[in-house]
Structures are given as structure tokens and as C-alpha cells.
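Me: I am new to reading protein models. Could you take me through one, feature by feature?

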Amino acid sequence: MTAPSALLTVRDLHVDYGVAQALRAVSFEVSPNSALAVLGPNGAGKSTLARALSGLIAPTGGNIELDGRDLTGVAPERIRRAGLIHLPEGRGVFPALTVLENLRMATARDRRARAAAIERAFDIFPVLRRRQRQAAGTLSGGEQQMLSLARALMVEPRLVIADEMSLGLAPKMVDLVFESLQRARAEGVAVIMIEQFASRALAFADRCLILQRGQVAWAGEADRAGDELLHRYLGSATAA
Ligand code: ATP
């Protein structure tokens with residue numbers, strides 16, 4: 001049985017790519033409106049976890065429940081509709097379309113509901129209101145990530161997986177990404193953050209999961225993941 005407090009429950013998850021085991025016996029929970037940082041060295045299985053949760057790859061064992069609903073092996077579109085949105089590496093916006101068009105395309109609701117959802121997105125991210133007529137491809141990297149998140153929030157998700165959203169961004173733009181995710185949390189959304197900047201992710205998150213060779217090497221409160229632990233599992237990847 002799922003503890004009533006858990007939004008997402010992952011039990012004994014296994015993912016294989018052919019004969020290669022990418023995830024083994026991964027179990028954890030995410031509470032509503034909380035943030036979980038998923039850390040680990042290259043190849044540890046972080047992106048595989050994100051893909052399995054969002055239905056892009058089928059687990060070979062274990063199960064995934066969102067709000068008590070079994071989502072194991074369910075198609076990505078149904079998982080999205082159940083309220084779990086994966087923001088993959090890369091920007092996930094249509095560069096030739098304007099900011100407004102990108103937001104319009106994010107939801108299939110009727111015109112009035114869509115206008116209200118766009119208005120809400122502009123309230124959360126005022127920068128996007130100012131740039132609504134600008135082609136998305138001409139936004140800064142951080143602004144594009146903000147638009148990608150705003151698109152995700154249009155469907156009022158319960159949980160957003162932010163997969164390396166600050167990858168390749170200048171420090172100021174990384175600030176913008178974290179600020180945007182903070183705003184998503186203020187809207188009641190839970191966040192699973194896969195992030196190269198371990199210290200920043202830990203400052204943002206409530207809990208932390210460290211993966212190593214496809215297994216959970218450590219799990220606990222984010223503020224207990226001290227330098228020694230990070231150094232042991234992440235080596236030089238602990239950059240602030
Ligand atoms: P990084 O931080 O480098 O992105 P990661 O922690 O996200 O790494 P994954 O991309 O999940 O790691 O990869 C986990 C393991 O699975 C790696 O050994 C990788 O080589 C392997 N892998 C990933 N995708 C595939 C695939 N499509 N086919 C075969 N093996 C794969």
C-alpha cells in the first residue's frame with residue numbers, strides 16, 4: 001500500500017538496455033509539493049530513471065505509482081495526463097514560433113480555459129509576458145528553459161522532472177532556471193531535479209537520491225548530504 005503522504009512511489013524499479021542493467025532495485029518516494037535531487041556520476045542511470053518515470057522506456061521490473069495510480073508501463077501521453085511531466089535535456093520549445101504560440105500549443109483546452117492558463121503563466125513568469133511576440137529561438141537559454149517550464153505548467157502537473165535544465169547555461173541563466181522551478185513549487189508542483197550542480201540542487205531540494213551504477217547509493221534529507229558524501233560518490237562533479 002502507498003503511504004497516503006506520497007505523491008510518487010517507486011518500488012524496486014529495474015531497467016535494462018538489452019543485456020545491460022541500467023537501473024537495479026531503485027525505490028523511493030516523493031511527497032506532494034516537495035523537491036528531490038537525483039545526483040550521480042555520468043552513466044549512473046539518472047536520465048534512465050527520468051525516462052522510465054515518464055514512460056519513454058518500459059521498466060523490466062518494479063512499479064511506479066502516482067497518487068496511488070499504477071503508471072508502470074503506461075504510455076507517455078497518459079502519464080502526462082496523469083500529471084507527471086518530463087522536461088528533458090534540451091529546451092523543448094518550438095524556436096520558430098513566438099512565446100505566445102508556444103504557450104498556446106501546450107494545451108488543447110477550449111479557448112477561454114487556454115487564455116486563463118496563459119494569463120497564469122504570464123503572472124508566474126512576467127518575462128514571458130514582455131516577450132510574448134518574440135520567436136522562442138531568440139530567447140536566452142535561461143528564458144527558453146523558463147518557457148519550457150511554463151508550457152509544462154499549462155497542464156497543471158503534480159510533478160515535474162527537470163532533467164539537467166541548467167546544462168550549458170551561463171551562471172545568471174542557471175539562477176533563472178532555479179528561480180523558475182521555485183515558482184513552480186510555489187504553485188504546488190513537486191520537482192524531481194536531475195542536476196549537474198550538486199550543491200545548488202541540494203540547496204533547492206528537500207531530499208536527495210544518489211545513484212551509482214544504476215543503484216541507490218545513498219538517500220536522505222538534502223541537508224545531510226555533506227561534502228564528504230558528495231565527494232565519495234560524485235568526485236569532481238560537486239561543483240557549486
Ligand atoms: P549522464 O550524467 O552522463 O547523462 P546518467 O546518469 O543520466 O548519465 P544514463 O544516461 O541513464 O546515465 O545511462 C545509464 C547507463 O545506461 C549508462 O551505462 C549508459 O551507457 C546506458 N544507456 C543509456 N541509454 C542507453 C541505450 N539507449 N542503450 C544502451 N545503453 C544505454
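Me: How far apart are the end C-alpha atoms of helix 4, and what span should its residues give?

Reply: First, some ground rules: this is a predicted model, where local features need pLDDT of at least 70, side-chain atom pairs count only at pLDDT 80 or more, and totals for chains, interfaces and linings use all residues. Residues are numbered from 1 along each chain as its sequence is written, and side-chain values use heavy atoms, with hydrogens and water left out. Helices (H or I, at least four residues) and strands (E, at least two) are DSSP runs, numbered from the N terminus. The expected span of a helix is 1.5 Å times one less than its number of residues. Helix 4 covers residues 111-124, and its 14 residues should span 20 Å; the end C-alpha atoms are 20 Å apart, which agrees.

Me: Which residues of helix 4 are buried?

Reply: Buried means under 20% relative accessible area, exposed means over 50%, and partly exposed is in between, using a 1.4 Å probe and protein chains only. In helix 4, the buried ones are Ala117, Ile118, Ala121, Phe122 and Ile124. Looking down the helix axis, the buried residues of helix 4 fall within an arc of 160 degrees, so they line one face. That arc is taken from the directions from the helix axis to the C-beta atoms. The face turned away from the buried side carries the exposed residues Arg112 and Asp123.

Me: What covers the buried residues of helix 4?

Reply: Think in terms of contact, which means heavy atoms within 4.5 Å. The cover includes helix 3 (99-104), helix 5 (126-130), helix 6 (141-153) and helix 7.

Me: Now a strand. How many residues of strand 8 are buried?

Reply: In a regular strand the side chains alternate between the two faces of the sheet. Strand 8 (residues 190-194) has 5 of its 5 residues buried. Ala190, Ile192 and Ile194 lie on one side, while Val191 and Met193 lie on the other, and both faces are covered.

Me: Which strands does strand 8 pair with, in what sense?

Reply: Two strands pair if DSSP finds at least two bridges between them. Strand 3 (residues 35-39) is joined to strand 8 in the parallel sense over 4 bridges, and Val38 stands opposite Ile194. Strand 7 (residues 159-163) also runs parallel to strand 8, with 5 bridges, and here Leu159 stands opposite Ala190.

Me: What unit do strand 7, helix 7 and strand 8 make?

Reply: A crossover is right-handed if, with the strands pointing away from the viewer, the path from the first strand over the helix to the second runs clockwise. With helix 7 (residues 171-186) between the two strands, this is a right-handed β-α-β unit.

Me: Which residues does Ile192 touch?

Reply: Ile192 sits in strand 8 and is buried, with a relative accessible area of 2%. Leaving aside neighbours within four places in sequence, its contacts include Leu36, Val38, Leu159 and Ile161. Ile192 and His86 are 106 residues apart in sequence but 9.3 Å apart in space, C-alpha to C-alpha.

Me: Where does Asp67 lie, and what is its phi?

Reply: Asp67 lies in the loop between strand 4 (61-66) and strand 5 (69-70). Its phi is near 55 degrees, a positive value in a residue other than glycine. Asp67 is partly exposed, with a relative accessible area of 47%.
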